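Reader: I have just opened this one and would like someone to walk me through it. Could we take it piece by piece?

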Amino acid sequence: MGGVGGGGDGESLVSQLWYSAPRYGGENALLEYWPLVLGSCAVFFALEIVSDVVSPWVPGYTALSQGVKREWRVRLSGVTHAVVVSVMSVYALFLDPQRHLLFDDDPSFGWSPAAAKTCAISVGYFLWDLYSVVRDKQGVPYTLHAIGACSVFALVLWWNVGGWFAMHCFSYEFSTPLIHLRAVLLALHKQDLWVFPFIHYGSVVLFVVVRVFVGVPVQLWGMSVTSASFVGSPELRHTVLACVLWPLCIAMNGLNVFWFALIVQAVWKKSDTTAKSD
């Protein structure tokens, strides 16, 4: 299956990498949606200020260490980003009147305005996240994660391709809010709350269902469908994007399966310990 709108023989290397896919008229979504990128980034900076003002009213917050308070602010922004992009991704995939654009010809080159807006919001978030991890000296892994995520979604936005992949990646975020909420309750030593078991087990169930049982098969299917299109495309931008998307998908799904194995191991060990104590 050949690439869509091919980059002819006379097209220079620079123009191939600079402009978006020809089927979209060469228009660049990142240049179109840069105000949304900057606005999103500004919102997450504002959330930090709001957190510093409001959080001291939460019982137990003032007793937390400075490190945990910084983590608190990061988790607030993480939950906000997760809720927004996961809802928007579901809208783009299943409810948007223009959702057929994500699947025209094949998912490799699918794109829609709803997908572009979702990516723009996420790029703004990861710009703030990169600043946050560098400022708080959170280490190389977190810094690389912020750079990688920001770069990938910026490339997708720049070239107007891979919207289908991006939306499915964002749908993973449905499992994020409960994970953050569980961590906050643990930091506040609120495990005795009646709602904590629901949050604890709910975070595990959502993680397993969304990221493993649904996410892994869908991503593998997407990689198999897009492989012929990306490899067969004469456009350099598609080859570059494939070199970014495929390793990202493999790493992300491998990490999710690894975490799933740790969850199973922890549950098994707990049940085994309970059985021996009985």
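Reader: Let me start with C119: which residues does C119 touch, leaving out those up to four places away in sequence?
Author: This is a predicted model, and in it C119 touches W111, F153, V156, L157, A166, M167 and F170 once residues up to four places away in sequence are left out.

Reader: And how many residues are in the largest nonpolar core, and which of them have the most contacts inside it?
Author: The largest nonpolar core has 42 residues, and those with the most contacts inside it are W111, C119, F153, L157, A166, M167 and F170.

Reader: Which elements give two or more residues to this core?
Author: The elements that do so are α2 (29–32), α3 (34–54), α4 (66–95), α5 (113–135), α6 (140–159), α7 (163–171) and α10 (236–277). The largest share of this core, ten residues, comes from α5.

Reader: What lies apart from it?
Author: Another core lies apart from it, made of five residues, and among them are Y61, L64, W72 and L188.

Reader: Back to the helices, then: at what angle do α5 and α7 pack, and how far apart are their axes?
Author: The angle between α5 and α7 is about 55°, and their axes are 10 Å apart. An angle between 35 and 65 degrees falls in the oblique range, and α5 and α7 are therefore oblique to each other. The crossing in which α5 passes α7 is left-handed.

Reader: Which residues make that contact?
Author: On the α5 side the contact is made by A115, T118, C119 and S122, and on the α7 side by A166, M167 and F170. Sorted by kind, the residues of the contact of α5 with α7 are five nonpolar, two polar and no charged.

Reader: What about α3 and α5, how do they pack?
Author: Those two helices, α3 and α5, pack at an angle of about 45°, with their axes 7 Å apart. They are therefore oblique to each other as well, while the crossing of α3 and α5 is right-handed.

Reader: Which residues of α3 and of α5 are involved there?
Author: From α3 the contact uses L36, V37, S40, C41, F44, F45 and E48, and from α5 it uses K117, A120, I121, V123, G124, Y125, L127, W128, Y131 and R135. The residues of the contact of α3 with α5 divide into twelve nonpolar, two polar and three charged.

Reader: Changing topic, is S171 buried or exposed, and why?
Author: S171, which is found in helix α7, counts as buried because its relative accessibility is 15%, and buried means under 20%. Not counting residues up to four places away in sequence, S171 touches S89 and V210.

Reader: And D52, where is that found?
Author: D52 is found in helix α3, and with a relative accessible area of 40% it is partly exposed. D52 and K69 are 17 residues apart in sequence, and their C-alpha atoms are 9.0 Å apart in space.

Reader: Stepping back, how many helices and strands does the protein chain have?
Author: The protein chain has ten helices and zero strands, and read along the sequence its pattern is α-α-α-α-α-α-α-α-α-α.

Reader: Last one: what percentage of the residues count as buried, and what share of the contacts with a separation of 6 or more comes from residues 24 or more positions apart?
Author: Of the 278 residues of the protein chain, 43% count as buried. For contacts in the protein chain with a separation of 6 or more, residues 24 or more positions apart account for 76%.

Key
Residues numbered from 1 in each chain as written. Predicted model: local features only at pLDDT ≥ 70, side-chain atom pairs only at ≥ 80, totals over all residues. Heavy atoms only, no water. Core = buried A, V, L, I, M, F, W, Y, C linked by side-chain atoms within 4.5 Å. Buried < 20%, exposed > 50% of the residue type's maximum accessible area, 1.4 Å probe, protein only. Helix = DSSP H or I, 4+ residues; strand = E, 2+ residues; numbered from the N terminus. Contact = heavy atoms within 4.5 Å. Axes fitted to C-alpha atoms, helices over the stretch in contact; angles between N-to-C directions. Parallel < 35°, antiparallel > 145°, perpendicular 65-115°, else oblique. Left-handed = near helix turned anticlockwise from the far one by under 90°. Nonpolar A, V, L, I, M, F, W, Y, C, P; charged D, E, K, R; others polar.
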